[in-house]
Amino acid sequence: MSIDMLYSYRGFYFIPGALNVVEQCHWIKESLTSFPQPPNRTNHSAFYGALPDLFNAAHKKKHLVEVRTSVADVVSSGSFDASSNTDTHLWGFFEDAVVERSAYSCKSIAASFLMRKLRWSTLGLQFDWSKRNYDTSLPYNEIPKYLCQLARRMADPAMPTGEEFCPEAAIVNYFGSGDMLGGHLDDMEKDWSKPIVSISLGCKAIFLLGGRSREDMPTAMFLRSGDIVLMAGQARECFHGVPRIFTDNENAEITSLTSQLSHQEDLCFMEYIRTSRININIRQVY
Ligand code: OGA
Ligand code: MN
């Protein structure tokens, strides 16, 4: 990287190996089980409404079924454990056996398929992707205290002197094989002097940090599980993106992670993360 580029990236911090493998596992599990829980929104919310316990439903090979009639019958059969109301639909997770009997159902989708298609969830203040804005009227679960503490501690070197980072929103991105995040700016937060704290978990990715114009040649770097990046100040004005992740054994660089997840009760997490990357980025909005 040239000295000129270093100056244009002032405010960009790379903290390799910031999280140990136990911490990585903790945040992977949280990202899959608790962060997508309603009322937090995910990319599925607009279409299906709330999908409680999606990861668990996928593990149990359940199906999401659109129910139009006889909901009472299904509930009384004891197999109905989740429901949500959108304007015209009611969806719920059902055991395979119920789906086969499909008298009540119109459409059904494997929970495992929806899990693979989970692209983002939001914690704290909910970001509305259609309006590209924070919608403070939406209900949400608070960012967990321990994640706030971690973000505050990590953000410290990038904070204006004497100020403390105040985490208000977090976006969790889920990348499967072949998924990418196009070049973008995060410009919906009020104060760009405050950093975005961005945690990488799971498979290794290529991260591109560009300049203030889309035409500027970006710098490529690897982000591995446990790495943390801060984007503050001038770096907040730079385009960035994730053009690819590596899911093959040799390049994903997650062997310590997968061995940590090799106990029977953790195999579902191992199976997910072997071909996935999770990014948690924490923001001060106001
Ligand atoms: C974002 C972002 C980077 C990453 O969500 O805005 O830039 O490492 N994520 O996934
Ligand atoms: Mn971004």
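Histidine 184 counts as buried, because its relative accessibility is 18% and buried means under 20% relative accessible area, with exposed over 50% and partly exposed in between (1.4 Å probe, protein chains only). This is a predicted model, where local features need pLDDT of at least 70, side-chain atom pairs count only at pLDDT 80 or more, and totals for chains, interfaces and linings use all residues. Residues are numbered from 1 along each chain as its sequence is written, chains are lettered from A and ligands numbered from 1 in the order in which they are written, and side-chain values use heavy atoms, with hydrogens and water left out.

**The manganese site**

- His184 (NE2), Asp186 (OD) and His240 (NE2) coordinate the manganese ion (ligand 2) at 2.1 to 2.2 Å.
- Donors here are N, O and S atoms within 2.8 Å of the metal (3.2 Å for Na, K and Ca), and water is not among the atoms, so sites may look incomplete.
- Along the sequence, the donor residues of this manganese ion follow the spacing H-x1-D-x53-H.
- Aspartate 186 sits in the loop between strand S10 (181-184) and strand S11 (196-202), and it counts as buried because its relative accessibility is 11%.
- An unreviewed UniProt entry places the feature "binding site" at His184, Asp186 and His240. They span 57 residues in sequence, yet no two of their C-alpha atoms are more than 9.1 Å apart, so they gather at one spot. The lining of the second largest pocket includes His184, Asp186 and His240.
- UniProt positions are given in the numbering used here, feature names are shortened, and annotations may be inferred rather than shown by experiment.
- On a 1 Å grid over the protein atoms alone, a pocket is an open set of points where a 1.4 Å probe fits, with protein on both sides within 12 Å along at least five of seven lines; lining residues have an atom within 4 Å of a point.

**Strands and their partners**

- Helices (H or I, at least four residues) and strands (E, at least two) are DSSP runs, numbered from the N terminus. Two strands pair if DSSP finds at least two bridges between them.
- S10 and strand S15 (residues 240-245) run antiparallel, joined by 2 bridges; leucine 181 has valine 242 in S15 as its bridge partner.
- S15 also pairs with strand S12 (residues 205-209), in the antiparallel sense over 4 bridges, and here isoleucine 206 partners arginine 244.
- In strand S6 (residues 120-124), 5 of 5 residues are buried. S6 runs antiparallel to strand S9 (residues 169-176), with 5 bridges between them.

- Helix H2 (residues 21-33) has 13 residues, and at 1.5 Å a residue it should span 18 Å, which agrees with its end C-alpha atoms being 18 Å apart. The expected span is 1.5 Å times one less than the number of residues.
- Gln24, Cys25, Trp27, Ile28, Ser31 and Leu32 are buried in H2.
- Glutamine 24 and glycine 202 are 178 residues apart in sequence, but their C-alpha atoms are 8.2 Å apart in space.
- Glycine 202 belongs to strand S11 and is buried, with a relative accessible area of 0%.

**Asparagine 281**

- Asparagine 281 lies in strand S16 (residues 276-283) and is buried, with a relative accessible area of 5%.
- Its side chain makes polar contacts with the side chains of asparagine 279 (2.8 Å) and arginine 283 (2.6 Å).
- A polar contact is a pair of N or O atoms within 3.5 Å; within protein, one must be able to donate a hydrogen and the other to accept it, and residues adjacent in sequence count only if both atoms are side-chain atoms.
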